[in-house]
Amino acid sequence: NIKFSNGHVKKTEELDFKLFKHSDGINPRKKTRRIVVAESDRLPYVGSNFGSGSLQCNNLCRYFVGVLDKRTMTMKVHNAQLFNMLPVIPGESAVNENTKQADTYREKVDALIEAFGTTKQKRALSSRRLNEVGNETLQQAVALAATNVINQKGVEALRSEVVETEAQTDTALFLPSCNTEADKAEDVYPFDQLLSPNEFDSLKDVGAKMAALTPEDLQKMRAENCPQTVLRHLELLPKEDAARDRQSRCAWYLSFLIKASLQKRLSFKCECKRNKELITVSLFACLNSLRNTVSSSMRIKLVAHCLALLLHMGDQTANLTLLHRDMGISDAKMLEVAKAMGLTLSRQSAHSREQAGTQEEHRMASLVLPLVHYEQRMGRRKRKRMN
């Protein structure tokens, strides 16, 4: 059944009708599609049973058309489909509905705001569109700059730079002041940055007491669980007066740092009452702490501070095994700090004080120029098993 949208046809014999069907006869949705074309001297008409221009027919109903034979006066009933014939003006291109994208919800809302929105809503819409244009321009500029950098340096070089920068950023949080361009090993971690001249002068009295300790005093300190690192240096004090005085002052300060790392708050009584406040304030100012609390990150800073001080006390060599035992941290964490400081690691046999006559292996760290650069291992974390 054919219906013309702009009137009724009086002379159907003047129209040339053609019926086209879809070439895909397997697809159930496409095999029933039909297009009817009616050509006349004036305008061609096109109708289809699918798409927006077709009549909205009920799929649950069947349509029939009756054909009356005037000679026999009998009527035959045939299946029918409804077509709405629309005129096609020559020169106009038909819109392909498959390529036309439907408007999104945001675009529909924006269209409503443009048509019926208030002044405030229209102003907000205009501002949002300007921001979108600015963001797109910025993204294009960033993408172009990133592409240029990648083409110049390469992906692998950029990855190595990122890893190195992250490592330097992480280690800079707890390492003491470091001069990587120093010509001498003792200038890499300057002594004045670890113990300022004012602090060093304030330790004159306690340094003299340390230098005057007898073997019996040292044995008593060992029984009182004095740090083994401090005792080792007190047992090997040099004979020369200036060097002995410097070493004894550093030994007292090292003991102070170790005791500070083992406490939650720095509130203990020390022998140098008159200069305790000066040393405490300067220490925590150096470690970038606003309160006298010792957190886990502060403890790592104190470990790095002690290790740098030990390098000056031991001819740029330090015993990592004794230090990590005294400061109550794991051997792995101690090695991590030593590697971050660029030290050269080694092993050395030493006599065990717990078991007489036996030897144990100690880890040693030495500062050798140029500093060692260790690669960070990106290990996977072990997953916890669920019970």
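**Close-up views of a predicted model**

**Figure 1. Aromatic pairs in the whole structure.** A search of the whole structure finds three aromatic pairs. Rings of Phe, Tyr and Trp (its six-membered ring) pair if their centres lie within 6.5 Å; planes under 30 degrees apart count as stacked, over 60 as edge-to-face and the rest as tilted. The rings of Trp 252 and Phe 256 have centres 5.7 Å apart and planes at 15°, so this pair is stacked. This is a predicted model: local features need pLDDT of at least 70, side-chain atom pairs count only at pLDDT 80 or more, and totals for chains, interfaces and linings use all residues. Residues are numbered from 1 along each chain as its sequence is written, and side-chain values use heavy atoms, with hydrogens and water left out.

Figure 2. Trp 252 and Phe 256 both lie in helix H9 (residues 241-261). They sit four residues apart, about one turn of the helix. Helices (H or I, at least four residues) and strands (E, at least two) are DSSP runs, numbered from the N terminus. Trp 252 has 5% relative accessibility and so counts as buried. Phe 256, at 3% relative accessibility, also counts as buried. Here buried means under 20% relative accessible area, exposed over 50%, and partly exposed in between (1.4 Å probe, protein chains only). The rings of Tyr 253 and Phe 256 have centres 6.3 Å apart and planes at 10°, so they too are stacked. Tyr 253 and Phe 256 are three residues apart in H9, about one turn of the helix. Both of these residues, Tyr 253 and Phe 256, are buried. Trp 252, Tyr 253 and Phe 256 form one aromatic cluster.

**Figure 3. Packing of helix H6 on helix H9.** Helix H6 (residues 204-211) packs with H9 at an angle of about 105°, and the axes are 8 Å apart. Axes are lines fitted to C-alpha atoms, for helices over the stretch in contact, and angles run from 0 to 180 degrees between N-to-C directions. H6 and H9 are therefore roughly perpendicular to each other. Angles under 35 degrees count as roughly parallel, over 145 as roughly antiparallel, 65 to 115 as roughly perpendicular and the rest as oblique. From H6, Lys 204, Val 206, Gly 207, Met 210 and Ala 211 meet Arg 244, Ser 248, Arg 249 and Trp 252 of H9. By class, this contact has four nonpolar, two polar and three charged residues. Ala, Val, Leu, Ile, Met, Phe, Trp, Tyr, Cys and Pro count as nonpolar, Asp, Glu, Lys and Arg as charged, and the others, Gly among them, as polar. Contact means heavy atoms within 4.5 Å.

**Figure 4. Packing of helix H12 on helix H13.** Helix H12 (residues 320-327) and helix H13 (residues 331-340) pack at about 120°, with axes 9 Å apart. H12 and H13 are therefore oblique to each other. Their crossing is right-handed. A crossing is left-handed if the near helix is turned anticlockwise from the far one by less than a right angle, and right-handed if clockwise. In H12, Leu 320, Leu 323 and His 324 meet Asp 331, Met 334, Leu 335 and Ala 338 in H13. The contact of H12 with H13 has five nonpolar, one polar and one charged residues.

Figure 5. His 312 lies in helix H11 (residues 296-313). This histidine is buried, with a relative accessible area of 14%. Not counting residues up to four places away in sequence, His 312 touches Glu 186, Tyr 189, Pro 190, Phe 191, Leu 194 and Arg 246. Asp 24 lies in the loop between strand S2 (16-21) and strand S3 (34-39). At 26% relative accessibility, Asp 24 counts as partly exposed. Asp 24 touches Lys 30 and Lys 31, again not counting residues up to four places away in sequence.

**Figure 6. Backbone details.** The peptide bond from Leu 369 to Pro 370 is cis, with omega near -5°. Pro 370 lies in the segment after strand S10 (359-366). Asn 225 is a residue other than glycine with a positive phi, near 60°. Its place is the loop between helix H7 (215-223) and helix H8 (228-235). Asn 225 is exposed, with a relative accessible area of 70%. Asp 315 also has a positive phi, near 55°. Asp 315 sits in the loop between H11 and strand S8 (317-319), and at 68% relative accessibility counts as exposed.
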